[in-house]
Amino acid sequence: MRWTWYLFRFDGRMRRTGFWCSLISVLFGMILLVSLYVGIISVLGGEVGSFDLNADDVFKIVDPRAYRWSLLDNLPLLLLKLAATALMLWTYLAIVVKRLHDRDKSAWWLLAYFVLPGLYNQFEDRLPDTYWMLPLALGGVILSVAAFVETGFLRGTQGPNRFGPDPKAEDDSTPAATSARGWDQSREIEIVPPHASPPGGMHVKRGA
């Protein structure tokens, strides 16, 4: 199905429209998952604790201190959050990679747009509090903003590139898109020259 390509596959190119629609789908999925968690805990009579999902949580994997107390306090909640975070991360990366492909950029750009800012945010509070850290903080902000602008607002390369055909050209060539643009009279009516018309004037022939 087409939605599996949008949310889970890394091949091909994705337009800005598909990018935003996919992110909205992921947001609704997160809300549904959190609601399901709250409902299950309430039915079982347990205490509903905080449960949030964020793609940046993946960087806690390389920071053992982040999960040390959670592991001791609530193992089922930790396992549920790890599974949900892994699923959300896969979906997020699949969406962003296809958008980078549309910009004719490889997935290696995720190192600059996602990994480096994420690592900085995870360990920011443990870095030395000196002016020497300002370039790192500024670089993280710039990379995050650049990623947001490029994936969310800039048009992909026109025509095919190394990652596939132009998705905008493919969408515009579909019968639905052609119909939406309106009736093309020049393609529907053929004016037959007078010498080929039957006696009595000009003949208008409807095209197929």
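Reply: Nine helices and two strands make up the secondary structure of the protein, where helices (H or I, at least four residues) and strands (E, at least two) are DSSP runs numbered from the N terminus. Their order from the N terminus is α-α-α-α-α-α-α-α-α-β-β. Please keep in mind that this is a predicted model, in which local features need pLDDT of at least 70 and side-chain atom pairs count only at pLDDT 80 or more, while totals for chains, interfaces and linings use all residues. Residues are numbered from 1 along each chain as its sequence is written, and side-chain values use heavy atoms, with hydrogens and water left out.

Now to the packing itself. Two packed helices are described by the angle between their axes and the distance between the axes. Helix H2 (residues 16-43) meets helix H6 (residues 134-153) at an angle of about 115°, and their axes lie 8 Å apart; axes are lines fitted to C-alpha atoms, for helices over the stretch in contact, and angles run from 0 to 180 degrees between N-to-C directions. H2 and H6 are therefore roughly perpendicular to each other, a label for angles of 65 to 115 degrees. On the H2 side, Arg16, Phe19 and Trp20 make the contact, and on the H6 side Phe148, Thr151, Gly152 and Phe153, with contact meaning heavy atoms within 4.5 Å. Four of these residues are nonpolar, two polar and one charged; Phe and Trp count as nonpolar, Arg as charged, and Gly among the polar ones.

For the chain as a whole, 27% of the 208 residues count as buried, that is, under 20% relative accessible area with a 1.4 Å probe, protein chains only.

Technical notes. Angles under 35 degrees count as roughly parallel, over 145 as roughly antiparallel, 65 to 115 as roughly perpendicular and the rest as oblique. Buried means under 20% relative accessible area, exposed over 50%, partly exposed in between (1.4 Å probe, protein chains only).
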